[in-house]
Amino acid sequence: MANSGKLSSEDSLAERLRARIEREGPMTFCEWMSAALYDELDGYYCRPDRIQQGRTGDYRTAPETSPLFAATFAFYISKLFADLKWPSTFIIFESGAGNGEFAQGVLQSLKKNAPKVFEVTRYVIDEISPAARQRAAARLSRFADRVSFQNFKDINSLAAAGIVFSNELIDAFPVHRVIGREAGLRELFVGVNEKNFVWIEGDLDKAAAAHCRRDGLELSEGQIAEINLEAERFIARAAGLVERGYVITVDYGAERNELRNAPNRQSGTLRAFHRHQMLQDVLAAPGEQDLTTTIDWTHLMEAGERAGLRTLRWERLDQFLAGEGLLSVLGEMTNSDRDSADVVQLSLSARELILPTGMAASFQVLVQEKVA
């Protein structure tokens with residue numbers, strides 16, 4: 001590989017990353033992961049030729065697993081709307097909306113069951129993938145008069161009242177990787193050898209170092225932790241979208257003490273997936289596999305406090321959905337004009353969302369409130 005830096009769009013992402021490292025030296029894993037997932041040409045989430053979700057993809061999400069997920073959240077959103085004293089305009093912001101399954105389910109449910117809420121609701125989607133935006137726009141065409149696509153970073157004016165929602169978004173934010181050594185914390189950078197991408201230790205990146213000092217991060221010899229700086233930026237940005245309202249985050253994670261002290265997490269929580277299988281080499285095939293980390297809920301709560309949010313609720317997703325009436329929603333859906341096969345499928349999907357052995361039990365919900 002020549003070091004001319006004159007690579008074209010025909011070069012693979014791996015070739016472009018290798019050329020950059022050979023030209024400029026090792027890069028932070030945060031930069032490497034950002035390219036692997038979000039490169040405009042070949043990033044995992046931006047490639048139009050890749051199916052990420054579903055049985056033929058690499059993972060499944062709750063909105064795609066069952067329409068009960070969005071319908072139950074729509075019921076909860078209508079309750080929050082009432083808590084906001086029935087504002088004259090109401091905006092739901094969703095970041096990382098994918099193909100629009102959740103947005104479609106929420107808007108359908110609001111239109112049917114809470115028409116007064118639906119009438120004043122506008123839905124704003126921030127989705128990085130052009131292909132996903134196109135699919136979401138087609139899926140939401142019947143709601144085109146109240147759905148728009150915007151980059152949240154470009155929104156300057158605050159909504160008077162609204163909700164910022166994300167589902168399995170923050171776990172895919174690029175992270176720095178830090179390792180404990182006798183002499184102090186070191187950062188794991190990405191370098192190259194003759195064939196592969198490899199880990200190289202170096203001094204902490206400036207932003208990562210500041211974060212570690214603020215949190216008083218201490219790691220034992222060889223212990224690895226992820227630093228998700230973008231998570232804090234996202235929470236601050238979400239808080240800045242509404243004058244009063246709520247930030248609702250669904251994801252999988254743990255409190256800080258559990259993340260730092262659990263014996264099975266001494267090597268960090270970074271994982272790679274392909275076709276629902278966990279892969280051993282997270283540096284292999286950038287753009288071809290999903291990369292994810294377990295989020296630090298303590299970090300998100302603290303970030304919210306710094307941004308003017310107070311924690312209202314934090315609980316397991318299955319318990320949240322059960323407490324917010326998923327079984328009642330199931331009853332309403334099964335009593336509507338559905339064939340027997342649909343009813344059976346709905347009932348099976350409900351088990352995944354409310355039983356302690358179902359997929360939802362591995363996720364949590366954080367609700368943060370902003371008061372004007």
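These legends go with several close-up views of a predicted model.

View 1. A disulfide is a covalent bond between the sulfur atoms of two cysteines. To count here, the two sulfurs must lie within 2.5 Å, and the tally for this structure is zero. Take Cys30: its nearest cysteine sulfur belongs to Cys212 and sits 13 Å away. For Cys46, the closest cysteine sulfur is the one in Cys30, but at 15 Å that is too far for a bond. Both cysteines are tucked away from the surface: Cys30 is buried at 19% relative accessibility, and Cys46 is buried at 6%.

**View 2. Strand 10 sits between two partners, strand 5 and strand 17**. Strand 10 covers residues 242-251, and because eight of its ten residues are buried, the rest of the structure largely encloses it. With strand 5 (residues 159-167) it pairs in the parallel sense, over eight bridges. Look for Asn167, whose bridge partner in strand 10 is Val250. With strand 17 (residues 364-370), strand 10 pairs in the antiparallel sense, this time over seven bridges.

**View 3. Arg177 is a buried charge without a salt bridge**. You'll find Arg177 in strand 6, which runs over residues 176-181. What is the nearest side chain of opposite charge to Arg177? That's Glu226, 4.2 Å away, and a salt bridge needs the nitrogen and oxygen to be within 4 Å. The Arg177 side chain does reach the backbone oxygen of Ser267, at 3.2 Å. Beyond its sequence neighbours within four places, Arg177 is in contact with several residues, including Phe29, Trp199, Ile224 and Leu270.

**View 4. Lys79 and Glu324 form a salt bridge**. It's one of 26 salt bridges in the structure, and its closest N and O atoms are 2.9 Å apart. Lys79 lies in helix 4 (residues 67-83) and Glu324 in the loop between helix 12 and helix 13, so the pair ties together parts that are 245 residues apart in sequence. Is each end buried or partly exposed? Lys79 is partly exposed, at 37% relative accessible area, while Glu324 is buried at 6%.

**View 5. Arg256 and Asp296 belong to a salt-bridge network**. Their side chains meet at 3.1 Å, N to O. Arg256 is in helix 10 (residues 256-261) and Asp296 in strand 15 (residues 295-296), so they link parts of the chain 40 residues apart. Both residues are buried. Within it, Asp215 bridges to Arg214 at 3.4 Å, and Arg214 is partly exposed, with a relative accessible area of 42%.

Note on methods. Residues numbered from 1 in each chain as written. Predicted model: local features only at pLDDT ≥ 70, side-chain atom pairs only at ≥ 80, totals over all residues. Heavy atoms only, no water. Buried < 20%, exposed > 50% of the residue type's maximum accessible area, 1.4 Å probe, protein only. Helix = DSSP H or I, 4+ residues; strand = E, 2+ residues; numbered from the N terminus. Pairing = 2+ DSSP bridges. Lys, Arg positive; Asp, Glu negative; His and termini not counted. Polar contact = N/O pair within 3.5 Å; in protein donor to acceptor, adjacent residues only side chain to side chain. Contact = heavy atoms within 4.5 Å.
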